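Colleague: I would like to learn how to read some features of a structure. Please take them one at a time.

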Amino acid sequence: MIILQILVNGFLLGGFYTLIGVGFTLVWGVTNIINLAHGAIALLGAYITYFIFQYWHLDPFVTLPVSFLSMFLFGYVLQRYLMNLVVKAQIFMLLILTFGLEIFLVNFMTTFFSADFKSVTPDYAGSSLVLGDIVIPYIRLGVFAICVIVTLLMSFFLDRTWTGKAIKATSLDIEAAMMSGINPAKIYALTFAFGSGLAGLSGSLLSLTQAFSPNIAGGLTLRAFIVSILGGLGRIEGAFLGGLVLGVVETMSSYVIGESYKNAIAFGLMVLMLIIKPSGLLGRKYYAEVKH
Amino acid sequence: MLIKKLFLFLIFLLILVFLPFVISGYWLRVLTQTFLFAAIATGSNIIIGYTGYPAFGNIAFFGVGAYVTGVLMTKYEMGFLATLPFSALAGIILASILGIPILRLKGHYFAIATVGIMETIRELVDNMTELTGGGLGLTLPIMQGEPEFIYKYFYFAMLICLVFALLISFVVSKIKLGYALKAIRVDEDAASVMGINTPLYKTAAWAVSAAIVGVCGGIYAYWLSYIDPHTVFVGTYSVKMFAMILLGGGTTVIGPMLGAFILELISEVVWSKFIAIHGMVLGLLIIFIILFLPKGLFETFKGGFSFKKLFSNLRENKL
């Protein structure tokens, strides 16, 4: 029966990984930017929820739109007035630029919010749903549900709306997109804004399920990266599959091999995927093409 | 032209040799640290600048080198200098084994795969408690002698390491390997068609760079006399190294060293003046370099300094 519980835990964790991966994979697939500051942006979202809960005692789930919108704006400004200036340079320039940003944000949070671990614990934090032998905390269930709903909404947005289609078109062929009247500078900014907004949202959800400090930013970014690699770049359904696989593998291996090898196994999985099929489980040439 | 450059470099070296007899212990330490970074950047430049493979996690070899020296000195009671060849060897072996699958990847994929490798090795080291001391760290035997002597010893050890790194980097750029790497950087498919065994040359380049970085790690471990997984497998070092290579210019032999001197001295001044916001300033500095000096300081200001050039760089890469 313990295996079933582990599977459930893995799926619940996988839901969160999906959400943090969706924003990352979208930005990567469309703009070819590996946003190493993704985890730090997620933590900004987590701090927003924390501070609102701390000072106004608002329910953490109510703060989700706030952290989404503020990170959305932050991401838009960042891409429009900073990253767009270097988009055409060699690829690792942007990698280092986002890492510079990560160092800045993490140190900013450490200086002003301290390096202590913080957590958000509403009244209902302890209660769980019990199904036979399986225990599911309500909060984790809620977090999972939100992750799935947001992922579906994002997928719907990309497939059905004009802006979503413009984003996809830009990722396929930037020149052709420009010819049909799409302004790539705006689309890039919008994509990055969505990526950051989703990161902020996932950070808020993270604050509900575990304690966080500025130092975990790098770990979050790498998780998002692994999810993107597993699923295939720029694909929402890929991130969903990748997130669930990573969540289950991580919880499974923690149980079988030991908690302290968790990261090594996650990275091993990623390196293996890169060697066998770099385009990911669901990756197609058309989206995940390596641009130089 | 080369003679003139060599002459300038020798004068520079001569100054560095006599400097420790006039400066304070603090500056001795700062310069030792600067040499360390200069050697890491010079070594890593062989794979990053010459070959064009952004090995973001090259610090993995630094950590491995540090632990090889640490373990050999504590568990097998070897002398310090005798352990350094093993640190280099560990880097070469690891890079050769990993190079075959990993160097098939390009761009972002390669960059992050190397980060993944670094994190994985760190965790393995963290878990091999019996050999490496795990999270408790490893305390190396402390060097005997006066503090003055020890400071100077490491200063010269690091300086010699840097000179060796520069020498190797120079030789690599002049032999067939260097030309092959240049061809790979410009167009890998074309290089392959021309009959260059690209996997072999790429792996060789990575192995050489890993050996240099490994030796740096070994010296660092004995200098610090205490290492733990988080002090030698440091992501920030990777970024610093990258910023140094960019600042100095990655396709030259001497560029990364100059980049290291500039960045490390700036960062030291910032660190001593504004300790609380040091990290934030470092982040901003890196962003500034990428925005205004993406080609490196020396390439940008070849014909003299002007603010115009800074902004022309900015316009060039704009979307």
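Colleague: How many residues of chain A are in contact with how many residues of chain B?

Modeller: First, the ground rules. This is a predicted model, where local features need pLDDT of at least 70, side-chain atom pairs count only at pLDDT 80 or more, and totals for chains, interfaces and linings use all residues. Residues are numbered from 1 along each chain as its sequence is written, and chains are lettered from A and ligands numbered from 1 in the order in which they are written. Two residues are in contact if their C-beta atoms, placed from the backbone, lie within 7 Å. By that rule, 40 residues of chain A are in contact with 40 residues of chain B.

Colleague: Which elements give two or more residues to the side of chain A that touches chain B?

Modeller: Helices (H or I, at least four residues) and strands (E, at least two) are DSSP runs, numbered from the N terminus. The elements here are helix 4 (91–113), helix 8 (184–209), helix 9 (217–231) and helix 11 of chain A. Helix 4 of chain A gives the most, with 14 residues.

Colleague: How do the residues of that side divide by class?

Modeller: Ala, Val, Leu, Ile, Met, Phe, Trp, Tyr, Cys and Pro count as nonpolar, Asp, Glu, Lys and Arg as charged, and the others, Gly among them, as polar. The side of chain A that touches chain B has 30 nonpolar, 9 polar and 1 charged.

Colleague: At what angle do helix 11 of chain A and helix 5 of chain B pack?

Modeller: Axes are lines fitted to C-alpha atoms, for helices over the stretch in contact, and angles run from 0 to 180 degrees between N-to-C directions. Helix 11 (residues 262–276) of chain A and helix 5 (residues 107–127) of chain B pack at about 150 degrees, with axes 9 Å apart. That makes the two helices roughly antiparallel. The cut-offs are under 35 degrees for roughly parallel, over 145 for roughly antiparallel, 65 to 115 for roughly perpendicular, and oblique for the rest. The crossing of helix 11 of chain A and helix 5 of chain B is left-handed; a crossing is left-handed if the near helix is turned anticlockwise from the far one by less than a right angle, and right-handed if clockwise. By class, this contact has 9 nonpolar, 4 polar and 2 charged residues.

Colleague: How do helix 2 and helix 8 of chain A pack?

Modeller: Helix 2 (residues 38–56) of chain A and helix 8 of chain A have axes 6 Å apart, at an angle of about 55 degrees. They are therefore oblique to each other, and their crossing is right-handed. Residues in the contact include A:Gly45 of helix 2 and A:Gly200 of helix 8. The contact divides into 10 nonpolar, 9 polar and no charged residues.

Colleague: At what angle do the axes of helix 1 and helix 9 of chain A cross?

Modeller: The axes of helix 1 (residues 2–31) of chain A and helix 9 of chain A cross at roughly 70 degrees and come within 8 Å. These helices are therefore roughly perpendicular to each other. Among the residues that meet are A:Trp28 in helix 1 and A:Arg223 in helix 9.

Colleague: How many bridges join strand 1 of chain A to strand 2 of chain A?

Modeller: Two strands pair if DSSP finds at least two bridges between them. Here 4 bridges join strand 1 (residues 128–131) to strand 2 (residues 134–137) of chain A, and the strands run antiparallel. A:Leu129 has A:Ile136 as its bridge partner, and A:Val130 has A:Val135. The two strands form a hairpin with 2 residues between them, and A:Gly132 in the turn has a positive phi of about 65 degrees.

Colleague: Which phi does A:Asn32 have, although it is not a glycine?

Modeller: Most residues other than glycine have a negative phi, and most peptide bonds are trans. A:Asn32 has a positive phi of about 60 degrees, and lies in the loop between helix 1 and helix 2 of chain A. B:Ser225 also has a positive phi of about 60 degrees.

Colleague: Is A:Asn32 buried or exposed?

Modeller: A residue is buried if 20 or more other C-beta atoms lie within 10 Å of its own, exposed if 12 or fewer, and partly exposed in between, with C-beta atoms placed from the backbone. A:Asn32 is buried, because 21 other C-beta atoms lie within 10 Å. B:Ser225 is partly exposed, with 15.
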